[in-house]
Protein chains: 2
Amino acid sequence: MLLNDEQARLEGARDGDAVSLDRLFREARTYSAWLDRPVAEERLRWIYDLMKYGPTSANSSPARIVFLRTREAKERLLPALAPGNVEQTRGAPVTAIVAYDTRFYDQLPRLFPYVDARSWFADNPAFAETTAFRNSSLQGAYLILAARAVGLDAGPMSGFDNAQVDREFFPDGHFKSNFLVNLGYGDRTRLHERSPRLAFEEAVRVL
Amino acid sequence: MLLNDEQARLEGARDGDAVSLDRLFREARTYSAWLDRPVAEERLRWIYDLMKYGPTSANSSPARIVFLRTREAKERLLPALAPGNVEQTRGAPVTAIVAYDTRFYDQLPRLFPYVDARSWFADNPAFAETTAFRNSSLQGAYLILAARAVGLDAGPMSGFDNAQVDREFFPDGHFKSNFLVNLGYGDRTRLHERSPRLAFEEAVRVL
(Lines give C-alpha, C1' and ligand atoms only; values in the text may rest on other atoms or scores of the structure.)
Protein backbone atom coordinates (compact mmCIF):
# COMPACT_ATOMS: atom_id res chain seq x y z
CA MET A 1 0.00 0.00 0.00
CA LEU A 2 2.75 2.36 1.00
CA LEU A 3 4.79 1.29 -1.99
CA ASN A 4 1.88 1.84 -4.32
CA ASP A 5 1.25 5.29 -2.88
CA GLU A 6 4.90 6.14 -3.26
CA GLN A 7 4.98 4.87 -6.82
CA ALA A 8 1.90 6.90 -7.68
CA ARG A 9 3.53 10.00 -6.22
CA LEU A 10 6.75 9.42 -8.12
CA GLU A 11 4.95 9.02 -11.39
CA GLY A 12 2.81 12.07 -10.73
CA ALA A 13 0.96 13.33 -13.77
CA ARG A 14 3.73 12.05 -16.02
CA ASP A 15 1.66 11.43 -19.06
CA GLY A 16 -1.59 12.67 -17.66
CA ASP A 17 -3.74 15.58 -18.63
CA ALA A 18 -4.57 16.54 -15.08
CA VAL A 19 -2.75 17.15 -11.83
CA SER A 20 -4.18 17.01 -8.34
CA LEU A 21 -4.29 20.27 -6.41
CA ASP A 22 -2.76 18.38 -3.50
CA ARG A 23 0.31 17.57 -5.61
CA LEU A 24 0.46 21.09 -7.01
CA PHE A 25 -0.18 23.11 -3.85
CA ARG A 26 -1.64 21.59 -0.70
CA GLU A 27 0.70 18.70 -0.06
CA ALA A 28 3.67 19.86 -2.13
CA ARG A 29 6.77 20.58 -0.11
CA THR A 30 10.21 22.11 -0.61
CA TYR A 31 12.68 19.24 -0.53
CA SER A 32 16.31 19.28 0.48
CA ALA A 33 16.93 15.51 0.48
CA TRP A 34 16.54 13.43 -2.65
CA LEU A 35 15.96 9.82 -3.60
CA ASP A 36 18.69 8.19 -5.69
CA ARG A 37 16.60 8.20 -8.83
CA PRO A 38 17.59 10.02 -12.01
CA VAL A 39 15.46 12.52 -13.94
CA ALA A 40 15.14 11.81 -17.63
CA GLU A 41 16.01 14.71 -19.92
CA GLU A 42 12.63 14.21 -21.60
CA ARG A 43 10.97 15.32 -18.38
CA LEU A 44 12.83 18.64 -18.53
CA ARG A 45 11.22 19.20 -21.92
CA TRP A 46 7.81 18.46 -20.45
CA ILE A 47 8.46 21.09 -17.82
CA TYR A 48 9.39 23.70 -20.40
CA ASP A 49 6.48 22.77 -22.64
CA LEU A 50 4.11 23.66 -19.79
CA MET A 51 5.89 26.63 -18.21
CA LYS A 52 6.35 28.44 -21.51
CA TYR A 53 2.61 29.09 -21.66
CA GLY A 54 2.50 31.02 -18.39
CA PRO A 55 1.73 34.70 -18.94
CA THR A 56 4.43 37.38 -19.00
CA SER A 57 4.29 41.09 -19.68
CA ALA A 58 3.82 41.61 -23.43
CA ASN A 59 4.65 37.89 -23.79
CA SER A 60 8.23 38.98 -23.15
CA SER A 61 9.25 35.54 -21.80
CA PRO A 62 12.58 36.78 -20.41
CA ALA A 63 13.49 33.61 -18.49
CA ARG A 64 16.36 31.45 -19.69
CA ILE A 65 16.88 28.12 -17.95
CA VAL A 66 20.10 26.15 -17.51
CA PHE A 67 19.50 22.61 -16.26
CA LEU A 68 22.58 21.16 -14.60
CA ARG A 69 22.46 17.37 -14.84
CA THR A 70 26.04 16.16 -14.85
CA ARG A 71 28.39 16.04 -11.89
CA GLU A 72 30.79 18.30 -13.77
CA ALA A 73 28.15 20.98 -14.38
CA LYS A 74 26.96 20.81 -10.77
CA GLU A 75 30.51 21.20 -9.46
CA ARG A 76 30.77 24.56 -11.26
CA LEU A 77 27.79 25.81 -9.25
CA LEU A 78 28.62 24.57 -5.76
CA PRO A 79 31.27 27.19 -4.83
CA ALA A 80 28.69 29.97 -5.31
CA LEU A 81 26.16 28.48 -2.89
CA ALA A 82 25.48 29.43 0.70
CA PRO A 83 26.99 26.66 2.85
CA GLY A 84 23.57 25.35 3.88
CA ASN A 85 22.58 24.80 0.24
CA VAL A 86 25.62 22.80 -0.92
CA GLU A 87 24.71 19.27 0.14
CA GLN A 88 21.09 19.44 -1.00
CA THR A 89 22.25 20.70 -4.39
CA ARG A 90 24.94 18.07 -4.76
CA GLY A 91 22.32 15.44 -3.98
CA ALA A 92 19.69 16.70 -6.40
CA PRO A 93 19.52 14.91 -9.78
CA VAL A 94 19.01 18.26 -11.54
CA THR A 95 19.50 21.90 -10.57
CA ALA A 96 17.84 24.60 -12.65
CA ILE A 97 19.39 28.04 -12.89
CA VAL A 98 16.46 30.38 -13.53
CA ALA A 99 18.05 33.31 -15.32
CA TYR A 100 16.87 36.11 -17.57
CA ASP A 101 18.00 37.58 -20.83
CA THR A 102 18.88 41.23 -20.20
CA ARG A 103 18.15 41.87 -23.88
CA PHE A 104 14.87 39.97 -23.86
CA TYR A 105 13.32 42.87 -25.76
CA ASP A 106 15.17 41.89 -28.91
CA GLN A 107 12.71 38.96 -29.19
CA LEU A 108 9.61 41.14 -28.93
CA PRO A 109 9.13 41.78 -32.66
CA ARG A 110 8.53 38.04 -32.92
CA LEU A 111 6.91 37.33 -29.52
CA PHE A 112 4.60 40.38 -29.49
CA PRO A 113 4.30 41.56 -33.08
CA TYR A 114 1.23 43.78 -32.58
CA VAL A 115 3.02 46.95 -31.48
CA ASP A 116 6.59 48.17 -31.24
CA ALA A 117 7.08 46.80 -27.73
CA ARG A 118 10.84 46.58 -28.15
CA SER A 119 11.08 50.36 -27.93
CA TRP A 120 9.42 50.37 -24.48
CA PHE A 121 12.48 48.66 -23.04
CA ALA A 122 15.46 49.15 -25.34
CA ASP A 123 16.06 52.76 -24.24
CA ASN A 124 14.95 52.32 -20.63
CA PRO A 125 17.40 50.00 -18.85
CA ALA A 126 15.76 50.38 -15.41
CA PHE A 127 12.33 49.45 -16.77
CA ALA A 128 13.85 46.58 -18.74
CA GLU A 129 15.61 45.27 -15.63
CA THR A 130 12.46 45.45 -13.47
CA THR A 131 10.43 43.74 -16.17
CA ALA A 132 13.01 40.98 -16.66
CA PHE A 133 13.35 40.35 -12.94
CA ARG A 134 9.60 40.33 -12.25
CA ASN A 135 8.70 38.19 -15.24
CA SER A 136 11.54 35.70 -14.92
CA SER A 137 10.42 35.28 -11.31
CA LEU A 138 6.88 34.52 -12.54
CA GLN A 139 8.36 32.02 -14.98
CA GLY A 140 10.39 30.46 -12.20
CA ALA A 141 7.15 29.91 -10.30
CA TYR A 142 5.62 28.36 -13.42
CA LEU A 143 8.67 26.09 -13.61
CA ILE A 144 8.20 24.94 -9.99
CA LEU A 145 4.52 24.13 -10.54
CA ALA A 146 5.17 22.55 -13.96
CA ALA A 147 7.84 20.33 -12.38
CA ARG A 148 5.32 19.20 -9.78
CA ALA A 149 2.76 18.63 -12.53
CA VAL A 150 5.09 16.19 -14.32
CA GLY A 151 5.76 14.25 -11.14
CA LEU A 152 8.92 15.89 -9.82
CA ASP A 153 9.59 17.64 -6.54
CA ALA A 154 11.27 21.02 -6.28
CA GLY A 155 13.61 22.77 -3.91
CA PRO A 156 13.91 26.47 -4.85
CA MET A 157 16.80 28.48 -3.38
CA SER A 158 18.00 32.06 -3.45
CA GLY A 159 20.90 31.58 -1.03
CA PHE A 160 23.83 31.94 -3.42
CA ASP A 161 26.13 34.57 -4.92
CA ASN A 162 24.39 35.72 -8.10
CA ALA A 163 27.44 37.56 -9.43
CA GLN A 164 29.61 34.47 -8.99
CA VAL A 165 27.07 32.28 -10.83
CA ASP A 166 26.87 34.85 -13.61
CA ARG A 167 30.64 34.93 -14.04
CA GLU A 168 30.77 31.14 -14.22
CA PHE A 169 27.79 30.44 -16.46
CA PHE A 170 27.08 33.72 -18.28
CA PRO A 171 30.48 35.35 -18.76
CA ASP A 172 29.38 37.56 -21.64
CA GLY A 173 26.98 39.43 -19.34
CA HIS A 174 23.99 38.82 -21.57
CA PHE A 175 22.08 36.68 -19.03
CA LYS A 176 21.71 37.16 -15.27
CA SER A 177 20.79 34.56 -12.68
CA ASN A 178 17.59 35.04 -10.68
CA PHE A 179 17.21 31.96 -8.46
CA LEU A 180 17.87 28.20 -8.38
CA VAL A 181 15.57 25.19 -8.22
CA ASN A 182 16.70 21.70 -7.29
CA LEU A 183 14.62 19.03 -9.03
CA GLY A 184 14.21 15.32 -8.45
CA TYR A 185 12.23 12.89 -6.35
CA GLY A 186 12.16 14.19 -2.82
CA ASP A 187 12.80 12.01 0.20
CA ARG A 188 9.65 12.44 2.24
CA THR A 189 11.15 10.68 5.23
CA ARG A 190 13.51 13.64 5.66
CA LEU A 191 10.83 16.36 5.68
CA HIS A 192 10.17 18.49 8.72
CA GLU A 193 6.70 19.63 9.66
CA ARG A 194 5.22 22.14 7.24
CA SER A 195 5.73 25.75 8.28
CA PRO A 196 2.62 27.84 8.98
CA ARG A 197 1.09 30.17 6.42
CA LEU A 198 -0.55 33.56 6.97
CA ALA A 199 -4.31 33.39 7.40
CA PHE A 200 -6.54 34.89 4.70
CA GLU A 201 -7.36 37.80 7.00
CA GLU A 202 -3.67 38.57 7.51
CA ALA A 203 -2.61 38.55 3.87
CA VAL A 204 -5.75 39.61 2.00
CA ARG A 205 -8.16 42.54 1.93
CA VAL A 206 -11.38 42.57 -0.09
CA LEU A 207 -12.65 46.02 -1.07
CA MET B 1 -22.34 20.83 -27.09
CA LEU B 2 -20.78 24.26 -27.25
CA LEU B 3 -22.82 25.35 -24.25
CA ASN B 4 -21.79 22.28 -22.31
CA ASP B 5 -18.14 22.91 -23.09
CA GLU B 6 -18.47 26.51 -22.03
CA GLN B 7 -20.22 25.55 -18.82
CA ALA B 8 -17.51 23.03 -18.03
CA ARG B 9 -14.89 25.69 -18.61
CA LEU B 10 -16.68 28.19 -16.41
CA GLU B 11 -16.98 25.72 -13.59
CA GLY B 12 -13.37 24.64 -13.93
CA ALA B 13 -12.03 22.69 -11.00
CA ARG B 14 -14.35 24.56 -8.67
CA ASP B 15 -14.80 21.87 -6.10
CA GLY B 16 -12.49 19.35 -7.67
CA ASP B 17 -9.26 17.91 -6.47
CA ALA B 18 -7.61 18.05 -9.87
CA VAL B 19 -7.12 20.54 -12.68
CA SER B 20 -6.33 19.80 -16.29
CA LEU B 21 -2.95 20.93 -17.57
CA ASP B 22 -4.79 22.43 -20.54
CA ARG B 23 -6.74 24.73 -18.21
CA LEU B 24 -3.68 25.54 -16.17
CA PHE B 25 -1.13 26.06 -18.94
CA ARG B 26 -1.67 24.88 -22.50
CA GLU B 27 -5.02 26.42 -23.33
CA ALA B 28 -5.08 29.15 -20.69
CA ARG B 29 -5.03 32.66 -22.08
CA THR B 30 -4.66 36.22 -20.82
CA TYR B 31 -8.08 37.81 -21.09
CA SER B 32 -8.96 41.44 -21.56
CA ALA B 33 -12.72 41.02 -22.18
CA TRP B 34 -15.00 39.53 -19.56
CA LEU B 35 -18.37 37.84 -19.41
CA ASP B 36 -21.01 39.59 -17.31
CA ARG B 37 -20.82 37.02 -14.55
CA PRO B 38 -19.84 37.86 -10.99
CA VAL B 39 -17.15 36.14 -8.94
CA ALA B 40 -18.25 34.96 -5.51
CA GLU B 41 -16.07 36.13 -2.63
CA GLU B 42 -15.79 32.50 -1.57
CA ARG B 43 -13.80 31.82 -4.71
CA LEU B 44 -11.23 34.43 -3.69
CA ARG B 45 -10.69 32.42 -0.51
CA TRP B 46 -10.19 29.26 -2.55
CA ILE B 47 -7.51 31.08 -4.53
CA TYR B 48 -5.69 32.17 -1.40
CA ASP B 49 -6.03 28.75 0.21
CA LEU B 50 -4.10 27.27 -2.73
CA MET B 51 -1.59 30.04 -3.46
CA LYS B 52 -0.47 30.34 0.15
CA TYR B 53 1.21 26.93 -0.12
CA GLY B 54 3.52 27.96 -2.97
CA PRO B 55 7.15 28.10 -1.85
CA THR B 56 8.89 31.36 -0.91
CA SER B 57 12.35 32.08 0.43
CA ALA B 58 12.46 31.07 4.11
CA ASN B 59 8.66 30.80 3.90
CA SER B 60 8.71 34.60 3.97
CA SER B 61 5.36 34.90 2.16
CA PRO B 62 5.75 38.64 1.50
CA ALA B 63 2.75 39.03 -0.83
CA ARG B 64 -0.28 40.94 0.33
CA ILE B 65 -3.36 40.88 -1.89
CA VAL B 66 -6.09 43.48 -2.26
CA PHE B 67 -9.09 42.20 -4.21
CA LEU B 68 -11.14 45.05 -5.66
CA ARG B 69 -14.73 43.89 -6.13
CA THR B 70 -16.91 46.95 -5.86
CA ARG B 71 -17.30 49.69 -8.44
CA GLU B 72 -16.10 52.21 -5.85
CA ALA B 73 -12.91 50.31 -5.12
CA LYS B 74 -12.21 49.82 -8.82
CA GLU B 75 -12.69 53.52 -9.54
CA ARG B 76 -9.86 54.34 -7.13
CA LEU B 77 -7.51 52.21 -9.25
CA LEU B 78 -8.43 53.32 -12.76
CA PRO B 79 -6.60 56.69 -12.80
CA ALA B 80 -3.27 54.92 -12.18
CA LEU B 81 -3.60 52.58 -15.17
CA ALA B 82 -2.00 52.86 -18.56
CA PRO B 83 -4.77 53.96 -20.97
CA GLY B 84 -4.87 50.56 -22.69
CA ASN B 85 -5.62 48.80 -19.41
CA VAL B 86 -8.57 50.93 -18.23
CA GLU B 87 -11.48 49.32 -20.04
CA GLN B 88 -10.42 45.72 -19.39
CA THR B 89 -10.03 46.52 -15.71
CA ARG B 90 -13.37 48.31 -15.48
CA GLY B 91 -14.98 45.27 -17.10
CA ALA B 92 -13.36 42.66 -14.88
CA PRO B 93 -15.47 41.40 -11.95
CA VAL B 94 -12.41 41.49 -9.68
CA THR B 95 -8.98 43.10 -9.88
CA ALA B 96 -6.23 41.85 -7.58
CA ILE B 97 -3.46 44.17 -6.48
CA VAL B 98 -0.47 41.89 -5.83
CA ALA B 99 1.58 43.86 -3.33
CA TYR B 100 4.26 43.04 -0.79
CA ASP B 101 4.87 43.90 2.82
CA THR B 102 8.16 45.81 3.01
CA ARG B 103 8.46 44.60 6.62
CA PHE B 104 7.63 40.99 5.78
CA TYR B 105 10.56 39.92 7.94
CA ASP B 106 8.64 40.84 11.10
CA GLN B 107 6.54 37.69 10.47
CA LEU B 108 9.55 35.39 10.20
CA PRO B 109 9.78 34.40 13.87
CA ARG B 110 6.37 32.79 13.32
CA LEU B 111 6.66 31.70 9.66
CA PHE B 112 10.22 30.33 9.89
CA PRO B 113 10.92 29.68 13.57
CA TYR B 114 13.98 27.46 13.06
CA VAL B 115 16.61 30.19 12.82
CA ASP B 116 16.76 33.95 13.32
CA ALA B 117 15.81 34.69 9.71
CA ARG B 118 14.45 38.13 10.61
CA SER B 119 17.99 39.41 11.14
CA TRP B 120 18.98 38.47 7.57
CA PHE B 121 16.66 41.18 6.29
CA ALA B 122 15.94 43.71 9.03
CA ASP B 123 19.32 45.44 8.71
CA ASN B 124 19.73 44.96 4.96
CA PRO B 125 17.07 46.99 3.13
CA ALA B 126 18.39 46.19 -0.37
CA PHE B 127 18.32 42.44 0.30
CA ALA B 128 14.88 42.74 1.89
CA GLU B 129 13.56 44.64 -1.14
CA THR B 130 14.96 42.13 -3.64
CA THR B 131 13.55 39.24 -1.62
CA ALA B 132 10.14 40.86 -1.28
CA PHE B 133 9.95 41.70 -4.99
CA ARG B 134 11.13 38.28 -6.19
CA ASN B 135 8.96 36.31 -3.81
CA SER B 136 5.81 38.39 -4.17
CA SER B 137 6.25 37.90 -7.92
CA LEU B 138 6.39 34.12 -7.37
CA GLN B 139 3.25 34.41 -5.26
CA GLY B 140 1.55 36.44 -7.98
CA ALA B 141 2.26 33.58 -10.37
CA TYR B 142 0.81 31.13 -7.84
CA LEU B 143 -2.27 33.40 -7.67
CA ILE B 144 -2.71 33.33 -11.46
CA LEU B 145 -2.48 29.53 -11.59
CA ALA B 146 -4.65 29.07 -8.48
CA ALA B 147 -7.31 31.31 -10.05
CA ARG B 148 -7.27 29.11 -13.13
CA ALA B 149 -7.44 26.02 -10.93
CA VAL B 150 -10.67 27.24 -9.32
CA GLY B 151 -12.25 27.96 -12.70
CA LEU B 152 -11.45 31.63 -13.21
CA ASP B 153 -9.55 33.34 -15.98
CA ALA B 154 -6.80 35.88 -15.37
CA GLY B 155 -5.49 39.01 -17.01
CA PRO B 156 -2.21 40.07 -15.37
CA MET B 157 -0.95 43.62 -16.00
CA SER B 158 2.07 45.69 -15.10
CA GLY B 159 1.10 48.74 -17.14
CA PHE B 160 0.27 51.17 -14.33
CA ASP B 161 1.86 53.76 -12.07
CA ASN B 162 3.02 51.82 -9.02
CA ALA B 163 3.67 54.94 -6.94
CA GLN B 164 0.17 56.26 -7.64
CA VAL B 165 -1.40 52.94 -6.62
CA ASP B 166 0.70 52.90 -3.46
CA ARG B 167 -0.39 56.43 -2.49
CA GLU B 168 -4.04 55.51 -3.00
CA PHE B 169 -4.14 52.07 -1.38
CA PHE B 170 -1.08 51.92 0.90
CA PRO B 171 -0.60 55.50 2.16
CA ASP B 172 1.41 54.52 5.22
CA GLY B 173 4.20 53.17 2.98
CA HIS B 174 4.19 49.76 4.62
CA PHE B 175 3.09 47.86 1.49
CA LYS B 176 4.18 48.35 -2.13
CA SER B 177 2.34 47.26 -5.27
CA ASN B 178 4.00 44.75 -7.59
CA PHE B 179 1.51 43.98 -10.36
CA LEU B 180 -2.22 43.62 -11.04
CA VAL B 181 -4.39 40.69 -12.09
CA ASN B 182 -7.89 41.01 -13.49
CA LEU B 183 -10.05 38.02 -12.60
CA GLY B 184 -13.36 36.75 -13.91
CA TYR B 185 -14.77 34.62 -16.69
CA GLY B 186 -13.01 35.56 -19.89
CA ASP B 187 -14.85 36.15 -23.16
CA ARG B 188 -13.21 33.68 -25.50
CA THR B 189 -14.90 35.17 -28.52
CA ARG B 190 -12.73 38.27 -28.07
CA LEU B 191 -9.38 36.48 -27.94
CA HIS B 192 -6.74 36.96 -30.59
CA GLU B 193 -4.54 34.14 -31.78
CA ARG B 194 -2.04 32.97 -29.15
CA SER B 195 1.36 34.60 -29.42
CA PRO B 196 4.33 32.37 -30.15
CA ARG B 197 6.64 31.04 -27.43
CA LEU B 198 10.38 30.50 -27.55
CA ALA B 199 11.38 26.96 -28.53
CA PHE B 200 13.08 24.74 -25.93
CA GLU B 201 16.39 25.17 -27.74
CA GLU B 202 16.10 28.97 -27.58
CA ALA B 203 15.27 29.28 -23.89
CA VAL B 204 16.93 26.24 -22.32
CA ARG B 205 20.39 24.72 -22.04
CA VAL B 206 21.09 21.31 -20.50
CA LEU B 207 24.59 20.86 -19.08
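Colleague: Let's start with Ala58(B): how do I tell whether Ala58(B) is buried or exposed?

Modeller: Go by relative accessible area: buried is under 20%, exposed is over 50%, and partly exposed is in between, using a 1.4 Å probe and protein chains only. Ala58(B) comes out at 14%, so it is buried. Keep in mind that this is a predicted model, where local features need pLDDT of at least 70 and side-chain atom pairs count only at pLDDT 80 or more, while totals for chains, interfaces and linings use all residues. As for bookkeeping, residues are numbered from 1 along each chain as its sequence is written, chains are lettered from A and ligands numbered from 1 in the order in which they are written, and side-chain values use heavy atoms, with hydrogens and water left out.

Colleague: Where does Ala58(B) sit, and what is phi there?

Modeller: The general idea is that most residues other than glycine have a negative phi. Ala58(B) has a positive one, near 55°. Its place is the loop between α3 and β2 (63-68) of chain B. Those labels come from DSSP runs, numbered from the N terminus: helices are H or I with at least four residues, strands are E with at least two.

Colleague: What about Ser61(A)?

Modeller: Not a glycine, yet Ser61(A) has a positive phi of about 45°. You'll find Ser61(A) in the loop between α3 and β2 (63-68) of chain A, and its relative accessible area of 6% makes it buried.

Colleague: Now the exposed end of the scale. Is Pro83(A) buried or exposed?

Modeller: Pro83(A) has 76% relative accessibility, so it counts as exposed. Pro83(A) belongs to helix α5 (residues 83-91) of chain A. Its C-alpha lies 8.7 Å from that of Gly159(A), although 76 residues separate the pair in sequence. Over in chain B, Pro38(B) is exposed at 65%, in the loop between α2 (21-26) and α3. Pro38(B) and Glu202(B) are 164 residues apart along the chain, with 41 Å between their C-alpha atoms.

Colleague: How should I read the nonpolar core, and which residues touch the most other members?

Modeller: Think of a set of buried Ala, Val, Leu, Ile, Met, Phe, Trp, Tyr and Cys residues joined through side-chain atoms within 4.5 Å. The largest one here has 75 residues, and Ile47(A) and Ile47(B) touch the most other members. Leaving aside residues up to four places away in sequence, Ile47(B) touches Leu143(B), Ala146(B), Ala147(B), Val150(B), Leu152(B) and Leu183(B). There is also a second, separate core of 18 residues, including Phe104(A), Phe121(A), Ala132(A) and Ala117(B).

Colleague: Helix packing next. At what angle do α3 and α8 of chain A pack?

Modeller: Two packed helices are described by the angle between their axes and the distance between the axes. Axes are lines fitted to C-alpha atoms, for helices over the stretch in contact, and angles run from 0 to 180 degrees between N-to-C directions. In chain A, α3 (residues 41-51) and α8 (residues 125-149) pack at about 130°, with axes 8 Å apart. That makes α3(A) oblique to α8(A); angles under 35 degrees are roughly parallel, over 145 roughly antiparallel, 65 to 115 roughly perpendicular, and the rest oblique.

Colleague: And which residues of α3(A) and α8(A) meet?

Modeller: Contact means heavy atoms within 4.5 Å. Ile47(A), Leu50(A) and Met51(A) of α3(A) meet residues of α8(A) including Gln139(A), Tyr142(A) and Leu143(A).

Colleague: Last one: how do α8(A) and α8(B) cross?

Modeller: Their axes come within 8 Å and cross at roughly 50°, which means α8(A) is oblique to α8(B). The contact divides into 12 nonpolar, six polar and two charged residues.

How values were computed. Ala, Val, Leu, Ile, Met, Phe, Trp, Tyr, Cys and Pro count as nonpolar, Asp, Glu, Lys and Arg as charged, and the others, Gly among them, as polar.
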